[in-house]
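Here is a short tour of one protein chain, written for someone new to reading structures. Have a look at the picture first, then read on.

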Amino acid sequence: MADTTLIEAIKSGLKGELDSITIYSEAAMKADGEVQRFFLERAAEEKRHHDWLLSYWKELEGGATPSRNLAAEAAAQGGRSPMLSEEFLKRVGESQALSTAVAAATLLEANAIKHYAAAAEKAPAGPLRSFLESLSKWEARHYEELIRIQDESRRFWFDAHHFEPF
């Protein structure tokens with residue numbers, strides 16, 4: 001049986017990925033156009049993360065040493081940065097539901113970065129550690145994008161809610 005600490009870290013990651021899928025999917029239902037595409041793409045990326053973690057978890061639970069190089073698969077999938085048009089930022093900023101989804105997703109991504117980095121430190125050298133390190137880096141890219149969206153859409157939120165002096 002694999003290290004229970006590592007299995008618990010993977011299970012916790014699975015829950016975090018499902019939380020992210022939910023946030024992004026629900027935000028997509030409240031959006032359209034490029035904003036909807038952004039949230040759908042993020043939900044699909046988080047689903048891939050979930051599926052990869054599930055694959056490792058099943059191997060570890062079965063007593064096997066993970067052999068697939070999911071780190072390479074994760075790196076190949078990448079995750080492109082969105083082109084944040086003025087219209088994209090305005091639509092996010094003017095919607096309380098979308099602004100809230102971005103805020104919640106930002107927190108989930110920040111937690112994921114820390115979680116995967118800590119799990120990678122505990123994992124034995126090899127494919128699983130590389131994979132967890134890759135996930136931490138990938139979530140860091142998501143986090144940076146979301147921070148940028150929050151920062152750049154903020155003025156539209158204040159405009160929509162009639163705050164002064166903005």
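Is the crossing of H2 and H5 left-handed or right-handed? It is left-handed, a label used if the near helix is turned anticlockwise from the far one by less than a right angle (clockwise would be right-handed). By class, the contact of H2 with H5 has 6 nonpolar, no polar and 2 charged residues. Here Ala, Val, Leu, Ile, Met, Phe, Trp, Tyr, Cys and Pro count as nonpolar, Asp, Glu, Lys and Arg as charged, and the others, Gly among them, as polar.

A word on what you're looking at: this is a predicted model, where local features need pLDDT of at least 70 and side-chain atom pairs count only at pLDDT 80 or more, while totals for chains, interfaces and linings use all residues. Residues are numbered from 1 along each chain as its sequence is written, and side-chain values use heavy atoms, with hydrogens and water left out.

**The overall build**

The protein chain has 6 helices and 0 strands; these are DSSP runs numbered from the N terminus (helices: H or I, at least four residues; strands: E, at least two). Of the chain's 166 residues, 43% are buried, meaning under 20% relative accessible area with a 1.4 Å probe, protein chains only (exposed is over 50%, partly exposed in between).

**Back to H2 and H5**

The axes of H2 (residues 33–61) and H5 (residues 96–122) come within 13 Å and cross at roughly 25°. Axes are lines fitted to C-alpha atoms, for helices over the stretch in contact, with angles from 0 to 180 degrees between N-to-C directions. That makes H2 roughly parallel to H5 (under 35 degrees; over 145 is roughly antiparallel, 65 to 115 roughly perpendicular, the rest oblique). On the H2 side, Val-35, Phe-39, Glu-46 and Leu-53 meet Leu-98, Val-102, Glu-109 and Tyr-116 of H5, where contact means heavy atoms within 4.5 Å.

**Ring pairs**

A search of the whole structure turns up 7 aromatic pairs. Rings of Phe, Tyr and Trp (its six-membered ring) pair if their centres lie within 6.5 Å; planes under 30 degrees apart are stacked, over 60 edge-to-face, and the rest tilted. Two of the pairs are shown here:

| Pair | Centre to centre | Angle between planes | Type |
|---|---|---|---|
| Tyr-24 and Phe-39 | 6.3 Å | 35° | tilted |
| Trp-52 and Trp-138 | 5.7 Å | 50° | tilted |

Trp-52 sits in H2 and Trp-138 in H6 (residues 127–160), so this pair ties together parts that are 86 residues apart in sequence. Both Trp-52 and Trp-138 are buried. Tyr-24 and Phe-39 are buried too.
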